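Here is my note on the model, point by point. Please read it with the structure open.

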Number of protein chains: 2
Amino acid sequence: MKLSTKGRYAVTAMMDLALHDHTGPVTLADISNCQGISLSYLEQLFAKLRKEGLVEGVRGPGGGYRLGRPASQISIAEIIHAVDEAIDVTRCLGSKDCHGGEKCLTHQLWEDLSHRLYEFLDGLTLASFISRPGVREVSRRQDTTASRIATMFPPRTAFSAMVAQGR
Amino acid sequence: MKLSTKGRYAVTAMMDLALHDHTGPVTLADISNCQGISLSYLEQLFAKLRKEGLVEGVRGPGGGYRLGRPASQISIAEIIHAVDEAIDVTRCLGSKDCHGGEKCLTHQLWEDLSHRLYEFLDGLTLASFISRPGVREVSRRQDTTASRIATMFPPRTAFSAMVAQGR
DNA sequence: TACCATACCTACTAATCCAGTAAGGAATTA
DNA sequence: TAATTCCTTACTGGATTAGTAGGTATGGTA
């Protein structure tokens, strides 16, 4: 279990998808604009997320990405694991005899910790974050604003592009 | 809260110190040999740990490092925080208006997660790992072996040096 | 006292990873 | 057909990791 900026990008992007799950696919350009992450970098991250089935892409105009499963069935651990490949486990097993067991001991303690951490993050789902009080309200407000403008400029993207340009 | 190999090194090294807390200081050379981490790299890590008061150094022959506080008062979060400086928080506050609040929202959700993670790791102390069943036994066995040889070759270091050389 | 083991400090370096750039192809809708 | 979007690959500057090297300071021991 590793945790870096990369993992944060992936998690926040997934939260974005979860927030707009009922409004249809979200484009990477949107996320790129909204969260200030480069588009191509996002594409690389989403390639990994897609490989794990966490998201699914919809091509063509009006397309984008949506969650591969309900938000309640996607854990934070899965997301981080998909993009931040695991820390290399100590190469204790097999090589040498671990200097009389001591290395094995601390190694074992680390695995213990690592396991507890994973279980903790695996217990946290996307849904558990967006269902917090206050979140839905903000999200809904944004969606209604977007959909109001969307009736004039069909896809959600048009609105986001305007926002991105500061209009 | 960031988590990388660096943090793992620091945590396992601290576990090592905790395991031998009652046997006196542990030298970095010992840890280096036992866990396969370069000596100078360990020195850099321990400089940071010392700055935070997590360890204290004892100079001269027979010296080494020992815990700066009881193992029950040192949390995993503190150790990781000491060596793996925090991930840069999104520079959302102040700059621009966060594109209509959306960036602020996912940012806020991330902070929420980050906070929960920190609290989790802050609740885990070194003591909570070394007090697990089975750990003390192995540790004690190693210590008695060490001290038996130590009566012939005074400081603990002599034994470690032999082990390191594969004798 | 001289010597040695250890912490402690600073500067340098090779390798790796992060984050982004660039360029294009493939699928879908209008 | 044209526009939009996903999807893929290759390249790149910079940061970080992990290690090297070379010292100084301090304390125990012969």
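1. Of the 167 residues in chain A, 46% are buried. This is a predicted model, and every value below is computed from it. The accessible surface of chain A comes to about 8,200 Å². Carbon and sulfur atoms hold 54% of that area.

2. Layout of chain A. The chain has eight helices and two strands. Along the sequence the order is α-α-α-β-β-α-α-α-α-α. Among contacts in chain A with a separation of 6 or more, 67% join residues 24 or more positions apart.

3. Confidence. Chain A has a mean pLDDT of 78, and 69% of its residues reach 70 or more. Which elements of chain A have the lowest and the highest mean pLDDT? Helix 8 (residues 156-164) of chain A has the lowest, 31. Strand 2 (residues 64-67) of chain A has the highest, 97. Residues 93-99 of chain A fall below 50, and beyond near neighbours in sequence this stretch has six contacts in the model. Residues 144-167 of chain A also stay under 50.

4. Helix 4 of chain A. Helix 4 (residues 76-83) of chain A is mostly covered too: six of its eight residues are buried. Which residues of helix 4 of chain A are buried? They are A:Ile76, A:Ala77, A:Ile79, A:Ile80, A:Ala82 and A:Val83.

5. Aromatic pairs. Over all chains, the structure holds five aromatic pairs. One of them is formed by A:Phe120 and B:Phe120. The ring centres of A:Phe120 and B:Phe120 are 4.2 Å apart and the planes meet at 5°, so the pair is stacked. This pair crosses between chains. A:Phe120 sits in helix 5 (residues 102-122) of chain A, and B:Phe120 in helix 5 (residues 102-122) of chain B.

6. A pair within chain B. The rings of B:Tyr9 and B:Tyr41 have centres 6.1 Å apart. Their planes are at 80°, so the pair is edge-to-face. The pair links distant parts of the chain, 32 residues apart. B:Tyr9 belongs to helix 1 (residues 5-19) of chain B, B:Tyr41 to helix 3 (residues 39-51) of chain B. B:Tyr41, at 29%, counts as partly exposed.

7. A:Arg50. This residue lies in helix 3 (residues 39-51) of chain A. What does A:Arg50 contact, leaving aside its neighbours within four places in sequence? The partners are A:Val55, A:Gly57 and A:Tyr65. A:Leu67 is 17 residues from A:Arg50 along the chain, and their C-alpha atoms are separated by 9.5 Å.

8. B:Gly53. The loop between helix 3 and strand 1 of chain B holds B:Gly53. With a relative accessible area of 32%, B:Gly53 is partly exposed. Leaving aside neighbours within four places in sequence, B:Gly53 is in contact with B:Gly68 and B:Arg69. B:Cys34 is 19 residues from B:Gly53 in sequence, and 24 Å from it in space, C-alpha to C-alpha.

9. B:Pro61. Where does B:Pro61 lie? It is in the loop between strand 1 (55-58) and strand 2 (64-67) of chain B. B:Pro61 counts as exposed, at 89% relative accessibility; the cut-off for exposed is over 50%. B:Pro61 and B:Val11 are 50 residues apart in sequence, and their C-alpha atoms are 25 Å apart in space.

Terms used. Residues are numbered from 1 along each chain as its sequence is written. Chains are lettered from A and ligands numbered from 1 in the order in which they are written. This is a predicted model: local features need pLDDT of at least 70, side-chain atom pairs count only at pLDDT 80 or more; totals for chains, interfaces and linings use all residues. Side-chain values use heavy atoms; hydrogens and water are left out. Helices (H or I, at least four residues) and strands (E, at least two) are DSSP runs, numbered from the N terminus. Buried means under 20% relative accessible area, exposed over 50%, partly exposed in between (1.4 Å probe, protein chains only). Contact means heavy atoms within 4.5 Å. Accessible areas come from the Shrake-Rupley method with a 1.4 Å probe; for residues, only the protein chains shown count as cover. Rings of Phe, Tyr and Trp (its six-membered ring) pair if their centres lie within 6.5 Å; planes under 30 degrees apart count as stacked, over 60 as edge-to-face and the rest as tilted. pLDDT is the predictor's confidence in each residue, from 0 to 100.
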